[in-house]
Amino acid sequence: MKLSKWEGAILVLTALFLAFTAGWFLRGNTSSQPLRVETQRRLEITETAFPAPTPEAPREKVDINTADAEALKGLPGIGEKRAADIIADREQNGPYRFPEELTRVKGIGEETLAELLDYITTGEETQ
């Protein structure tokens with residue numbers, strides 16, 4: 001019995017289909033464990049690994065109750081607008097009793113305050 005080209009092609013395609021189907025159904029019968037991805041660990045960068053450059057940071061602490069705009073602009077994260085806002089807030093609400101009160105100025109949040117705490121004072125020595 002002789003097969004035509006079409007019959008041979010159909011026979012080969014049928015064999016490939018049956019082999020693929022058998023492999024598909026038999027693949028789940030292996031004893032290997034499924035792939036597990038650990039999601040609980042996080043990469044954390046410590047502050048000592050990448051210290052923030054602060055070339056414009058002042059050497060002495062700046063008294064935020066008496067400093068002018070130029071002195072305030074020397075603080076990290078404080079530009080011309082925020083320096084003016086600090087002075088306006090100080091004039092409107094009175095002097096700062098604690099450095100943490102600086103957060104009442106719009107645009108100064110917890111992160112900015114954390115950067116400033118080493119460089120600012122309220123002029124009062126705490127004991």
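Analyst: This is a predicted model. Helix α1 covers residues 5–26, 22 residues in total. From its first C-alpha to its last it reaches 32 Å. That is close to the 32 Å expected at 1.5 Å a residue.

Covering comes next. α1 is hardly covered: the number of buried residues among its 22 is 0.

Now the rings. The whole structure holds 1 aromatic pair. Its members are Phe20 and Trp24, with ring centres 6.1 Å apart. The planes meet at 35°, so the pair counts as tilted; stacked would need under 30 degrees, and edge-to-face over 60. Both residues sit in helix α1, 4 residues apart, so about one helical turn separates them. Phe20 is exposed, at 54% relative accessible area. Trp24 is partly exposed, at 47%, because exposed means over 50%.

Now the core. The largest nonpolar core has 17 residues. Leu72, Leu75, Ile78, Ile86, Leu102 and Ile120 have the most contacts inside it. α3 and α4 each supply at least two of its residues. The largest share, 3 residues, comes from α3.

Leu102 touches several residues beyond four places in sequence, among them Ile64, Ile86, Leu113 and Ile120. Tyr96 is another residue that Leu102 touches. Tyr96 is also in contact with Glu101, as is Pro95. Glu101 lies in the loop between α3 (80–93) and α4 (110–116). Glu101 is buried, at 18% relative accessible area, because the cut-off is under 20%.

How values were computed
Residues are numbered from 1 along each chain as its sequence is written. This is a predicted model: local features need pLDDT of at least 70, side-chain atom pairs count only at pLDDT 80 or more; totals for chains, interfaces and linings use all residues. Side-chain values use heavy atoms; hydrogens and water are left out. Buried means under 20% relative accessible area, exposed over 50%, partly exposed in between (1.4 Å probe, protein chains only). Contact means heavy atoms within 4.5 Å. A nonpolar core is a set of buried Ala, Val, Leu, Ile, Met, Phe, Trp, Tyr and Cys residues joined through side-chain atoms within 4.5 Å. The expected span of a helix is 1.5 Å times one less than its number of residues. Rings of Phe, Tyr and Trp (its six-membered ring) pair if their centres lie within 6.5 Å; planes under 30 degrees apart count as stacked, over 60 as edge-to-face and the rest as tilted.
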